Amino acid sequence: MALLSIRDLDIELRHQERFGYAVRGLDLDIEAGEIVGLVGESGSGKSLTARAVMGLLPSAASAGRGQILFDGMDLLTFTEEEMEKVRGRRIGIMFQNPRESLNPVFTVGNQLRTVYRKVRGHGKRRAREEARLMLRSLGLRDIDRVLASYPHQLSGGMAQRALLALTLACDPELLIADEPATGLDAATQTRLFVEIGRVIKETGKTAMIITHDISLVSGVCDSVAVMYSGQVVERGGVAEVGRQPLHPYSTGLLKAADFADEGGRASYIPGSPPDPFTPTGGCPFHPRCPKVFEPCADLAPLAVSTGGRLVRCHLYE
Ligand SMILES: Nc1ncnc2c1ncn2[C@@H]1O[C@H](COP(=O)(O)OP(=O)(O)OP(=O)(O)O)[C@@H](O)[C@H]1O
Ligand code: SF4
Ligand SMILES: [Mg+2]
């Protein structure tokens, strides 16, 4: 049984008397011990999906149809009190901006020790030792300095590692990392992704790592789910989807990543993603798709199994 199973999920948006869908009929299974890369351009619904799992949707968004099954229980039916027992403790999240999640008025050491004492129930001395061990396991060297630092005194990469340490200190079964490398240079991004992957594997956890850069998932994730306009358009193993994608959108993302590596603009796919408040008919990607053909503007494609993966595109039906 999958540890997390998102089934037919809709996330509705209400903004200034307008109504739309940020996520539409999303299906995503994550097996225990699996690291999944959730990939897509800005606005594809990655963060709202993560926030729905945590029961932390912003006021403008709400989960409509669907289920979010964690360990067999539908989190969408949970009360806030029940959710508090899961949030942080069984499912940990690193939000897109680490400065938002780290408390600016306490040192990293203080925050880590508090988690070990309050969440894990350790005594003072054990909490101190565990905090040091955690930072060491993340490959940090100058541990005393990091422990004594306030979040604003850390570089972007160090702040992300401090946040990862705090999230892992709660010992969650499932870790969600939302764009954990945003704002860092390319080499630091890759290093951070590899480190996160290593720690997750070593601790036997399950993870969903969100990124807009498909090239970051290979070597770190076991599988990939590509999201466009609130739907998973391709889902499969990292060797297949991450290197030889079938869906024209996934292919565009991979080209964009290669193009950026060669010093080109990060955005390679012409046009922009659809606005959730003014949906297009047919395949949501059809106004931008280089392979668009006769049925695409009128008929929405269904997800079909082909080439060892699921693809949502008329070319494979
Ligand atoms: N609080 C909000 N109010 C109104 N619309 C929102 C809100 N949060 C997100 N949206 C809209 O929902 C859609 C999905 O947003 P989401 O943040 O999940 O995208 P994302 O894939 O995480 O993008 P990014 O890569 O930029 O983080 C977008 O069109 C966004 O504008
Ligand atoms: S269904 Fe048509 S428009 Fe959509 S991705 Fe496939 S070929 Fe392109
Ligand atoms: Mg996001």
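Guide: Two strands count as paired if DSSP finds at least two bridges between them, and with that in mind we can walk through this structure, which is a predicted model.

Visitor: Where is there a hairpin, and how many residues lie between its strands?

Guide: Strands of a sheet pair through backbone hydrogen bonds, either parallel or antiparallel. Here E12 and E13 form a hairpin with two residues between them, and glycine 307, which sits in the turn, has a positive phi of about 55 degrees. The two strands run antiparallel and are joined by four bridges, with serine 305 standing opposite leucine 310 of E13.

Visitor: Which other strand is joined to E13 by bridges, and in which sense do the two run?

Guide: Strand E11 (residues 231-237) is joined to E13 by three bridges, and these strands also run antiparallel. Within this pairing, arginine 309 of E13 is the bridge partner of glycine 236.

Visitor: In which sense does E7 pair with strand E8?

Guide: E7 pairs with E8 (residues 174-178) in the parallel sense, over four bridges, and methionine 94 stands opposite alanine 177 in E8.

Visitor: What domains does the domain assignment give for the protein chain?

Guide: The assignment gives domain 1 (4-90 + 172-316) and domain 2 (91-171), whose centres, taken over C-alpha atoms, are separated by 27 Å. In the contact between them, 26 residues of domain 1 meet 18 residues of domain 2. On the domain 1 side, helix H1 (46-54), E8 and helix H8 (186-203) each supply at least two of the residues, and that side divides into 15 nonpolar, five polar and six charged residues.

Visitor: Which residues are around ligand 2?

Guide: Among them are Cys283, Cys289, Cys296 and Cys313, together with His286, His314 and Lys291. The shell around ligand 2 divides into nine nonpolar residues, two polar and one charged.

Notes
Residues are numbered from 1 along each chain as its sequence is written. Chains are lettered from A and ligands numbered from 1 in the order in which they are written. This is a predicted model: local features need pLDDT of at least 70, side-chain atom pairs count only at pLDDT 80 or more; totals for chains, interfaces and linings use all residues. Domain bounds come from an automatic or database domain assignment. Two residues are in contact if their C-beta atoms, placed from the backbone, lie within 7 Å. Ala, Val, Leu, Ile, Met, Phe, Trp, Tyr, Cys and Pro count as nonpolar, Asp, Glu, Lys and Arg as charged, and the others, Gly among them, as polar. A residue is near a molecule or strand if its C-beta atom, placed from the backbone, lies within 6 Å of it.
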